[in-house]
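Reader: Please walk me through some features of this model. I would like the general idea first, then the case at hand.

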Amino acid sequence: MTAAEIHLKKKLDERKSSGAYRTLKPESALIDFCSNDYLGFARSAILKHLIDQEVQNHPHSLNGSTGSRLLSGNLQYAEDLEKIIAAHHQYPAGLLFNSGYDANLGLLSSLAQRGDTIILDELIHASAIDGARLSYANRYSFKHNDIESLEAKLKLAKGNCYVVVESIYSMDGDTPPLLDILNITEKYGAHLIVDEAHAVGLHPLGLVTELGLSNRVFASLVTFGKALGGHGAIMLGSDILRQYLTNFARSFIYTTSASFHQLASIKMAYRLLNSAEEEIISLKNNIKLFKEQIKQESTYPLLNSDSSIQCIVFRNNDKAREIANILQNKGFDVRAIVSPTVAVGTERIRICLHSFNTASDINKLATIINQFINA
Ligand SMILES: Cc1ncc(COP(=O)(O)O)c(C=O)c1O
């Protein structure tokens with residue numbers, strides 16, 4: 001082994017001994033309580049048909065985009081799609097990115113300059129943390145959903161200040177007091193950025209727009225890889241923000257753009273979202289049913305969430321993995337979320353509910369989980 005490989009192996013061994021070693025697993029035939037396909041769009045035959053038709057209606061479309069948007073890879077179709085999506089979410093403009101990760105990275109790394117400030121909720125997604133790290137701005141995190149903690153950090157802020165939160169947190173499934181956060185952010189002349197990755201779907205317009213706040217929120221991220229069943233993302237904001245990102249967001253500039261097929265998939269997913277009332281009602285019913293079925297217990301608490309993401313905290317990697325393995329052996333695809341993805345002591349199983357889960361499967365799953373909670 002080379003010196004570098006010895007170092008890599010040591011780091012991997014450390015991961016193994018802390019129970020945090022990760023491996024890739026192929027797709028399974030288990031019942032899906034794990035994916036982000038909240039409304040079943042990724043498996044929708046209707047969506048597949050809509051996409052096929054849209055591609056057929058554009059017989060001259062290319063297989064690949066051939067370049068970055070600023071060189072050969074721009075399509076009028078992409079620009080029109082950005083307008084359609086921005087209008088759907090009631091924002092003036094939007095810029096497509098190849099993923100939500102790229103969008104957060106591009107926005108946060110380019111927006112704040114040396115002397116500016118980025119304030120992040122402590123549970124913010126890794127993509128926002130990485131974007132903030134790549135910028136030269138001062139960085140602070142505040143206690144999860146805690147207005148006083150946020151205000152303390154706002155008082156320290158210098159230069160232009162950006163506050164970054166999620167509207168539904170990916171690992172806890174909870175929602176912040178968005179209006180309070182916006183009010184305090186505005187009180188200090190700062191700008192709010194909201195990551196709506198897990199909200200769009202259950203909330204077809206996103207929570208920001210549903211609450212009538214889109215004209216006060218500086219930028220919102222919508223991703224297409226979750227409830228929309230595809231891949232990619234859009235950063236929504238003003239037209240000036242769109243122009244700025246086109247010029248300065250490196251994860252937008254230095255990458256090959258999405259293919260026509262991918263753009264068509266996104267456009268058709270929005271078409272389906274506009275008539276997805278039934279799926280949204282089923283999802284809401286399934287969330288309600290699961291919460292009614294799970295016993296609330298303080299040793300292994302069910303986190304407070306009204307979203308598709310429901311977590312039971314088992315407090316260590318091994319225990320969370322053990323429960324997830326048992327559930328998988330019983331036919332349910334439930335995954336453990338272990339540290340370092342979540343903080344040490346908050347390791348959990350995360351149950352993602354979908355419109356297509358049956359009441360019978362939810363009842364069976366809850367019965368098994370309850371046995372462990374009571375054990
Ligand atoms: C809150 C949040 N933001 C951003 C992302 C990144 O989105 P994408 O998967 O499109 O890269 C994710 C995905 O895990 C997420 O959960």
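Author: We take the cores, a helix pair and some backbone angles in turn.

Author: This is a predicted model: local features need pLDDT of at least 70, side-chain atom pairs count only at pLDDT 80 or more, and totals for chains, interfaces and linings use all residues. Residues are numbered from 1 along each chain as its sequence is written, and side-chain values use heavy atoms, with hydrogens and water left out.

Reader: Which residues have the most contacts inside the largest nonpolar core?

Author: In soluble globular proteins, nonpolar side chains tend to be buried together. A nonpolar core is a set of buried Ala, Val, Leu, Ile, Met, Phe, Trp, Tyr and Cys residues joined through side-chain atoms within 4.5 Å. Buried means under 20% relative accessible area, exposed over 50%, partly exposed in between (1.4 Å probe, protein chains only). Here the largest core has 85 residues, and Val-163, Ile-312, Ile-349, Ile-351 and Ile-369 have the most contacts inside it. Helix α11 (residues 260–273) gives the most to this core: nine residues. Helices (H or I, at least four residues) and strands (E, at least two) are DSSP runs, numbered from the N terminus. Domain 1 (14–39 + 276–374) and domain 2 (47–273) each supply at least three residues to this core. Those bounds come from an automatic or database domain assignment. Another core, of 25 residues, lies apart from it; Ile-124, Ala-137, Tyr-162 and Val-164 are among them.

Reader: How do α4 and α5 pack?

Author: Two packed helices are described by the angle between their axes and the distance between the axes. Axes are lines fitted to C-alpha atoms, for helices over the stretch in contact, and angles run from 0 to 180 degrees between N-to-C directions. Helix α4 (residues 100–111) and helix α5 (residues 126–134) pack at about 30°, with axes 7 Å apart. They are therefore roughly parallel (under 35 degrees; over 145 is roughly antiparallel, 65 to 115 roughly perpendicular, the rest oblique). Contact means heavy atoms within 4.5 Å. Tyr-101 and Leu-105 of α4 and Ala-128 and Leu-134 of α5 are among the residues making it.

Reader: Where is the cis peptide bond?

Author: Most residues other than glycine have a negative phi, and most peptide bonds are trans. Here a cis bond joins Ser-339 and Pro-340, with omega about 15°. Pro-340 is in the loop between β11 (335–337) and β12 (348–352).

Reader: Is Thr-66, with its positive phi, buried or exposed?

Author: Phi of Thr-66 is near 75°. Thr-66 counts as exposed, at 51% relative accessibility.
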